[in-house]
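Subject: Structure handover

Hello,

Please find the structure below. My notes on it follow.

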Amino acid sequence: MEKQKYSRRFFLSTSAMAATLAFIPVGVKAFYNNVKKLVIPLKEKMAIKLSINKAKYNLTVDTRTTLLDLVREQLDLTGTKKGCDHGQCGACTVHVNGQRVLSCLTLAATVQGKEVTTIEGLSQGSELHPMQQAFIECDGFQCGYCTPGQIMSAVGCVNEGHTHSVEEIKEFMSGNLCRCGAYNGIVQSIQKVAK
Amino acid sequence: MSETGKPINRIDGRLKVSGKATYSAEFNQPNMAYAFPVRATIAKGKIASIDDAAVKKEPGVLSVISHKNAFRLKPLDIQAQMKAGAAFLGENLPPLQSNIVHYPGQFIAVVVAESYEQARAAAYKLKVRYTVEKGATDLKTELLKSKKPKMFMGEEAQVNEGKAAASLASSTNRVDHTYSTPVEHHHPMEPHATVALWENSDQLTLYDATQGVGLTGTIAAYFFGLKPENVRVIAPFVGGGFGCKGLWLHTLLVAMAAKAAGRPVKLALTRQMMQTNVGHRAATIQRVALGTDANGKLSVMRHHTDSYNNLTEFFEPSGKQSLVLYEAPLREVTYNVAKLNRGTPTFMRAPGETPGTFALESAMDEMAYKLKIDPVEFRIKNHTTKDPMKGHEFSSEFLLDCYRIGAERFGWSSRNLEPRQKRNGKYLVGYGMATATYPAGRSASSVKVVMKSNGDVTLLTASIDIGTGTYTVLAQTASDALGVPVERIEVKIGDSALPPSPLAGGSQTTASIHPAALEACKLLRAQLAALATADPASKLNGRKPEDIGYADGKLFVTADPNKAESYTDILKRAKRNEMEACATTQPISGAGLTIPGALCTPREIPADQNSDIKQHAFHSFGAQFAEVWVDEDFGTIRVTRFTSVQDVGRIMNEKTARSQIIGGVIFGIGAALMEATEYDKRWGNAVVRTLADYHVPVHLDVPPIDVHFIGKPDPHISPIGARGIGEIGITGVSAAIANAVFNATGKRVRDLPLTPDKLL
């Protein structure tokens, strides 16, 4: 991991100064901003190391790049879907260190050293994960676009043990939207796997 | 054993669950750049100036395109467009061709950069100054200057205008109320996206999220002045559509960006743009009046709709079902349409019937309550077996069975006529029902079938699977028509280079393409039989075509099934690697093939005598039953049970069909309880802009949904007998729920969605 040049305290104090400066005339503020830019240059690229589906990656990424855009646009792992880019639909759900995470709200720079699993890494070779198989059998999808996110979330839901009742499954799956309305089939799939 | 109808798993399921189904934004190209649009911040006016200096300084920026420097597309010209098959646009607004702003959010520029992040950041630095004009932003104000449209999709829009008043006045019983529905958005889970790729400046390939590859290609060819065969549109998988994917002109914007950048360009709309730039269901204000005689027989129905549009001739046809349902000697259906400076309204799942059945079926419930008749009984009493306007018999109609079976499955008999009679703890429990209906269309279609010498079969047609199951049911039809197992059949769709098919809209795909698939398979069998019967080495040598049957990958002599020969043997002996057949089927009525570019020369089958609108009326029907629990303290409504019984002709796959109806019902639950886009009346912009504030049903909103199909093939629509099922599932749902809420609480809410505030 790259050595950090500036401490958290430094950021807090400069931010506090910025807040104070909001009440100071524009000219002074511009001067402050110029000085700040000199002292803390905007970092546009960043080196990260991470593991995705058990493969190691050393990458240089735009600091604005989300984990979602990283896998879709740069690593050709397009199984993870972009539905809203705002953490509102769940289509981009992946696992980071075994926990379900919205990859659109996760900056790539923050997964430094972590283990990411996407839908492509869920199955073992050509054999589908039981959840994937259950989705096929219960018709837990129609257009298929929310499906990778639903499946990653469903696996998370089972791992977390939130499958004691239909209501509990629904509660813990409600962050994953499906506009085709495959909810009945999805809940059945999860019940099938959770047994 | 017939494959058709069996609830087999989707043949594309494995790709979809493993993340390998590829949607349009996922066709990354070498050296691809990214486009990000800039949108207007005013409702109406002109762009006074655009300053892109700051944008161009941003890292990675390749070009900034606005009306000042955009490629000049062919201008709108409805006659020329009709001739080219490109008349049907989402909005009549080719992008970046002038400085005029018609609605907030209109695309006014596009920035192309090396990366998505760079394009997005740079786009926000474009400085735009406007000359602002006063926009039309409030429906109620604009309705005062609204117009009465003459036509809707080739039919008279105003029916019996002004004729119902006298009859209503003399009716023994009357209800007359106003119902309103809000703006709704499609929001398929996959945002619209296009990757555009030029070769030699006259060859364009578009990977596009579209409901119709042929249509999108024809439109792009027209506006860029290209030969239709030089535009290829590819969409093997589309992440939902519901009416909003196909005809929007951001596709041209990407192609313009790719032309300017000299590189392949990708543009994916953001979820926020989908709230503005790709259509919506317009809000409606509907006044419905019903009159009956003393016996509860309808004597008159009147349905008037106030709505709006912009940059289109389309308007929400909420009176459609009021011309189809029930026996009533007189009915009046009229429209007023205003113009708003708002993104263009368009087709959304069951356009017309979704808001229209809310109004009509609520009014039917109000009348039944007034007459103290059970709502199911009231509908049975007023049932019609004929199209009330044209007088034709319905092609196949089992609506009374839908009512009866639905009532039994749901347990309707335990409902109380009077509201507020049933409680479960702190919840008031109510039952409601409504009729569902949607027209059944069928268009011309071409399908090619190829058989390899190893017996593998491929079906090809430029159709689309937006989640409906097109892949799977086509394989089932071919399996039966050739006697080849589904596992040996590959289906290739979603490519405009394939034999043309209609767009996946209007619930017509199955009805349209399956007759063609059937015919192509029949032709292939005939060709194989001709090879065999002419071959002295074949056991079938010398037999007449009509004496030959088929099963299990073989042809055989019907009278002597031991005399058989496999397809593979026939092909191998003839030294053929493969054999193909292509067929176009054209119903006697219905849309023809306007889209050029078939791979093979389709053998024209004379128009079949089916789908004849001069003989029959083609409609599907259904009955929707809802149970709701209402918390009186908070006004919250939960749909706890739902039964949907559907008369939609033959069922091609029980599993995928069921899913479609369930999906339709859930769409209806959304419309009933939560979906609404609100606009700022001052500036005209949508204030509901994301999935955080545009609420669609989530897992917890959805009860188990019980679906039953009548399953009787329609003998008059096609040799297959299937009508469409994509849209009927949503119709009647919001009325059934609102009626259940009345039964629970005694409160009649005539304004969707049924949010808690309306019950308190």
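Does Arg723(B) count as buried or exposed? At 2% relative accessibility, Arg723(B) counts as buried (buried means under 20% relative accessible area, exposed over 50%, partly exposed in between, with a 1.4 Å probe and protein chains only). Its salt-bridge partner is Asp714(B), at 2.7 Å from N to O, and Asp714(B) is buried at 1%. A salt bridge here is a side-chain nitrogen of Lys or Arg within 4 Å of a carboxyl oxygen of Asp or Glu. Elsewhere, salt bridges that share partners join Asp365(B), Glu366(B), Arg748(B) and Arg750(B) into one network.

This is a predicted model, in which local features need pLDDT of at least 70, side-chain atom pairs count only at pLDDT 80 or more, and totals for chains, interfaces and linings use all residues. Residues are numbered from 1 along each chain as its sequence is written, chains are lettered from A and ligands numbered from 1 in the order in which they are written, and side-chain values use heavy atoms, without hydrogens and water.

The pLDDT, the predictor's confidence in each residue from 0 to 100, averages 95 in chain B. For the complex, the predictor gives an ipTM of 0.97 and a pTM of 0.95.

Over all chains there are 51 salt bridges. One of them pairs Arg10(B) with Asp139(A), with the closest N and O atoms 2.6 Å apart. Both Arg10(B) and Asp139(A) are buried. Another salt bridge, 3.0 Å from N to O, links Glu3(B) and Lys6(B). Glu3(B) is buried at 16%, whereas Lys6(B) is partly exposed at 26%.

Regards
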